[in-house]
Amino acid sequence: MRSSASRPLLKAALWDMDGTIVDTEPYWIAAERALVEAHGGRWSHDQAMQLVGQSLTFSAGILQEAGVAMERRDIIDTLTGHVVSQVRNSVPWRPGARELLDELYNAGVRCALVTMSEAPLAREIVASLPEPYFEFLVTGDTVTQGKPHPEAYLTAVGLLQQQDPELGLHHCVALEDSVPGVAAALASGVVTVAIPHILPLPHDPRRATWDTLEGRTVADLEELVALRHEFPDATFGRAADPAADSTLEAAVHSGAGPARG
């Protein structure tokens, strides 16, 4: 392992919101159920789980199939309005998220929000934080293709590069909880940390997996960036150099075992 002085800097953390920073999935599920039942249908737990981490446009289409006789735009606005009203009453923070955000902010690591929720809800969550942690927001209504497509993450990296042309994908870490979100982050090429929440995630050696953000620090994220730099052709589960396997496993899975995105 290179000395810490020669390691590339962690320059940016790209944060998913629903399921990663806040546990809003119960709010979304309640809104979906109320809307389907208002149109004479029934909304099961399994149906709700299909929408975790998906774009709102995709979710609206599934709700139409479940009998909601409304345009997709109207469905999105209705769901978002319900969740915003719930968040204004109580913000359900995920363990360790605010603490890690605060440490990143004080360490000078740039943060961006990359969520499939639309701007009204994202702004509500951001306004509830004590500091301006996020440099900008990439929301579901600002991209053409939602997660699992990498557009949102690539958009965020491009915006970061406007202020720092030397910033590369290997300087960025994404924090995600859902299958679509993790897929989007991995497809973009940024270092990816999965923190499974509502649904389990299948094993994937290309990412790091943490049980929780509680107790996690900037140093943990810096270590992942260093590992990517040290072993550029390796996955997080298996290094190109077999002698380094134990180093990777210890660093990536220590303490380890989804997001409207």
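View A. Tyr105 is partly exposed, with a relative accessible area of 35%. Buried means under 20% relative accessible area, exposed means over 50%, and partly exposed lies in between (1.4 Å probe, protein chains only). Tyr133 is buried, at 5%. The model is predicted: local features need pLDDT of at least 70, side-chain atom pairs count only at pLDDT 80 or more, and totals for chains, interfaces and linings use all residues. Residues are numbered from 1 along each chain as its sequence is written, and side-chain values use heavy atoms, with hydrogens and water left out. The structure holds one aromatic pair. The ring centres of Tyr105 and Tyr133 are 5.3 Å apart and the planes stand at 80°, so the pair is edge-to-face. Rings of Phe, Tyr and Trp (its six-membered ring) pair if their centres lie within 6.5 Å; planes under 30 degrees apart are stacked, over 60 edge-to-face, the rest tilted.

**View B. Arg216 over Trp210.** The charged end of Arg216 sits over the ring of Trp210, 4.0 Å from its centre. This requires NZ of Lys or CZ of Arg within 6 Å of the ring centre and within 35 degrees of the ring normal.

**View C. Phe134 in the nonpolar core.** The largest nonpolar core has 58 residues. Such a core is a set of buried Ala, Val, Leu, Ile, Met, Phe, Trp, Tyr and Cys residues joined through side-chain atoms within 4.5 Å. Phe134 is among the residues with the most contacts inside it. Not counting residues up to four places away in sequence, Phe134 touches residues including Trp15, Ile21 and Leu101. Contact means heavy atoms within 4.5 Å.

View D. Lys147 forms a salt bridge with Glu176, the closest N and O atoms being 2.6 Å apart. A salt bridge is a side-chain nitrogen of Lys or Arg within 4 Å of a carboxyl oxygen of Asp or Glu. Lys147 counts as buried at 2% relative accessibility. Glu176 is buried too, at 0%. Asp16 joins Lys147 and Glu176 in a network of salt bridges. The peptide bond from Lys147 to Pro148 is cis, with omega near 20°. Most peptide bonds are trans.

**View E. Lys11 and Asp164.** A salt bridge joins Lys11 to Asp164, with the closest N and O atoms 3.0 Å apart. The two residues are 153 residues apart in the chain. Lys11 and Asp164 are both buried.

Notes
Helices (H or I, at least four residues) and strands (E, at least two) are DSSP runs, numbered from the N terminus.
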